[in-house]
Amino acid sequence: MAAIKVKDLSFAYNGFPVLGDISFSIKEGDFVAVIGPNGSGKTTLAKLLLGMLPPQKGSIQLFGNPISHEQVSKWIGYVPQKITIDKLFPATVDEILALNGPLDHRLHERLGIESFHDKRFTELSGGQQQRVVIALALQANPKILILDEPSVGIDLKTQREFYALLKQLNDKENVTIMLITHDVGMIPSYCKSVLCINHQVCCYGPASETPELVKKTYGQLAVMHHHHE
Amino acid sequence: MLELLSYGFMQKALLGGFLIAFTCGLMSPFIVLRRLSLLGDGIAHFSFGGIALGLLLGIEPIIAALISAVVGGFVVQKLVKKNLYGDAAISLILSFGVGLGIIVIGLARGFNVNLFSYLIGSLLSLSYLDIALAVAMLVLIVLFLVWGYKQLVFSSFNQELAELRSKKTIFINTVFILLVALTVVISIRAVGILLVSAMLVIPTLIALQLSKSFKGTLVMSTIASILATLIGIIASYYLNIPPSGTIVMLLFLLFFGAQIPKLVRAAS
């Protein structure tokens, strides 16, 4: 079954087209990397899927149902690019996690955040904060996880741990993952599919074909550096 | 002490001060952490115009302040939605209120003394209407926090994620602005327009030094606000100085006192 089905979707900011007639379908349990140059419409696509922007043309379906706020809040977990939070913000990790449903200690253990549950969120490192934000998104047991360049500003080691964690969530929990990223090198090692966007769907294929798809999207000069699990 | 409590005006000042401090202490963390510290100042100064106009037209000043504060709060919200900078929008309404107030003072001489009490606060002359409004305000805010606490904290943490989680976030934020405006009005009675920011901001600045959790900050902010207000009223009586200034000085003292545990930790 398609977790996300997008048909003839278009969106323009002040008359400037960002997405034109895009159609694709992401099956349940897939781990899709969404790639494309800056300004190609990736974040706009995420915002449309999250209901933050209304589609100007076309349709979006989640598990066969037309998109609604109730479904998005129930089925989709979202990890934004970077949580910009004041360094004085007084909230413990547990307080933040409790904002999105009852505390799931099993989930926290799996994400490796159990040990700092009573620490102030702002005292954590960037990688630890990102884990908490993922836990926050997963706290309500979503079926789909949308992440918008979540590894920006995180060191390489933490990035790899983070991707491995996503892969584990996808493999073991069958969470459908849509990861917007510029880090094309990680795709063959962690993702199942790759969707290339540049105002329209340029290509959509298995992650193993990433080098060819990257060339199609970014041009012949694109060079891929592989990550290894 | 007993002598002090035998005066009706002191009983009203302590009761009213307690209620107002309680309300400000509860609202303060949400105001500060949403970066709305200056909003209170803007609304208060905007109300100055409203109060002056009310005195000129014979409308009960507190009612005029209530109306103008709500209008001021929503005007700021609307201007920010229209992509005006938040601080610029606050500055705009602040200037308008003060400008209007000055014109009205110029037009109608005679109530300057009355108006002055709104500038510097007048806890010692609280009326039963003020007390009734302070009770209503506290009840309203406690009910609001019980109902919308989670969404308020969530949207203070991250507005985007909070809106995704619940549709009622936008509504809660609108009600919050309304309640900030009303809190400003009742704070004007305690410390006056010129010092209203102190009641809305300093309690949280104190709490942030002492607590690492949101709930702890809320509790500490409320305790600091109540302590400074009650001790301030009593001290002002014995020292024969204005209570509003005394309360603010005590809040400052508590703020500096709250740094001590941190300094001790750093030294050890």
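In this predicted model, strand β9 of chain A, residues 193-197, runs antiparallel to β10(A) and is joined to it by 5 bridges. One of the residue pairs is A:Ser193 with A:Pro206, the latter lying in β10(A).

Both strands belong to an open sheet of 6 strands in chain A, with mixed pairing and the order β6-β7-β8-β3-β9-β10. The edges are formed by β6 (76-79) and β10 (201-206) of chain A; each has a single partner strand, so one side of each is left without a neighbour in the sheet. On average, neighbouring strands of this sheet are turned by 15° against each other, direction ignored.

Two helices of chain A are described against this sheet. Helix α1 lies across β3 (31-35), β6, β7 (144-148), β8 (176-180) and β9 of chain A. Helix α5 packs on the sheet and touches β6 and β7 of chain A. The table gives the direction of each helix relative to one strand.

| Helix (chain A) | Residues | Reference strand | Angle |
|---|---|---|---|
| α1 | 42-49 | β8(A) | about 145° |
| α5 | 126-138 | β6(A) | about 165° |

Cysteines are the last topic. How many disulfides does the structure hold over all chains? The count is 0. A:Cys196 is buried, with a relative accessible area of 0%. A:Cys203 has a relative accessible area of 6% and is therefore buried as well, since the cut-off for buried is under 20%.

Technical notes:
Residues numbered from 1 in each chain as written. Chains lettered and ligands numbered in written order. Predicted model: local features only at pLDDT ≥ 70, side-chain atom pairs only at ≥ 80, totals over all residues. Heavy atoms only, no water. Pairing = 2+ DSSP bridges. Helix = DSSP H or I, 4+ residues; strand = E, 2+ residues; numbered from the N terminus. Axes fitted to C-alpha atoms, helices over the stretch in contact; angles between N-to-C directions. Contact = heavy atoms within 4.5 Å. Disulfide = S-S within 2.5 Å. Buried < 20%, exposed > 50% of the residue type's maximum accessible area, 1.4 Å probe, protein only.
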